[in-house]
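Please walk through the fold and the packing of this chain.

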Amino acid sequence: GFDEDYTSTILRGSQSGYSESVSSAGAYTGFTATSEVWIHYLWRFAALASTSAEHSDLFSGGNRITYLQQRTDGQLRGFAGTINAFSGTTYNIDTLYHVWIHYKADTGATDGIFQVYVGTTITRPGTPVINISNHDASASIDEIRFLGAATFDFIVDQILVDDVEISSVTN
């Protein structure tokens, strides 16, 4: 399940969102559909996934367009349209990460962008850990979902969504 009022390990403010490994229920944030979106959120996981599992998905009209998957080796794997890429970086349990996602729809020339940046400070790193620049998903995004993963627990907080670049956030 997903606990929106989680207070055991708070990432920011007085409560965070907690995804338990007992079900696939999750939480979502909807917004006005846009062909280009920047997203930021705080993320922390307590154990490596026992099998690869999704943790954040971008949707359009109820259809999943892109998603991030936590792998058993601590890496992330991103999917956009029919393309996927690995982070090449192993992320540590019990560490607070800032995650930035940049999505831009394909214009019909297989030029869609799906970038994921991960860092431990409030400033977005200069290089994405996942950089897909040729995906074929042409849909405008209107929702991010944080899915309950049947194989690992994680905490999210400070979810920001904008149609202009997010390069840093405040503590």
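**Fold and packing**

The chain has zero helices and 13 strands; helices (H or I, at least four residues) and strands (E, at least two) are DSSP runs, numbered from the N terminus. This is a predicted model, in which local features need pLDDT of at least 70 and side-chain atom pairs count only at pLDDT 80 or more, while totals for chains, interfaces and linings use all residues. Residues are numbered from 1 along each chain as its sequence is written, and side-chain values use heavy atoms, with hydrogens and water left out.

Q: What share of the residues of the chain count as buried?
A: Buried means under 20% relative accessible area, exposed over 50%, and partly exposed in between (1.4 Å probe, protein chains only). Of the 171 residues, the share that counts as buried is 49%.

Q: Is histidine 98 buried or exposed?
A: Histidine 98 lies in strand β9. Contact means heavy atoms within 4.5 Å, and beyond four places in sequence histidine 98 has contacts including Tyr41, Leu42, Tyr117, Val118 and Val169. Because its relative accessible area is 4%, histidine 98 is buried.

Q: Which side chain does a polar contact of 2.8 Å join to that of histidine 98?
A: A polar contact is a pair of N or O atoms within 3.5 Å; within protein, one must be able to donate a hydrogen and the other to accept it, and residues adjacent in sequence count only if both atoms are side-chain atoms. At 2.8 Å, the partner of histidine 98 is histidine 40.

Q: How many bridges join β5 to β6?
A: Two strands pair if DSSP finds at least two bridges between them. β5 (residues 53-60) and β6 run antiparallel, and serine 60 has asparagine 63 in β6 as its bridge partner. The hairpin has two residues between the strands, and glycine 61 takes a positive phi near 55°. The number of bridges joining β5 to β6 is seven.

Q: Which residue in β7 stands opposite leucine 68?
A: β6 and β7 pair in the antiparallel sense over five bridges. Their hairpin has five residues between the strands, with glycine 74 in the turn at a positive phi of about 90°. Opposite leucine 68 stands glycine 78.
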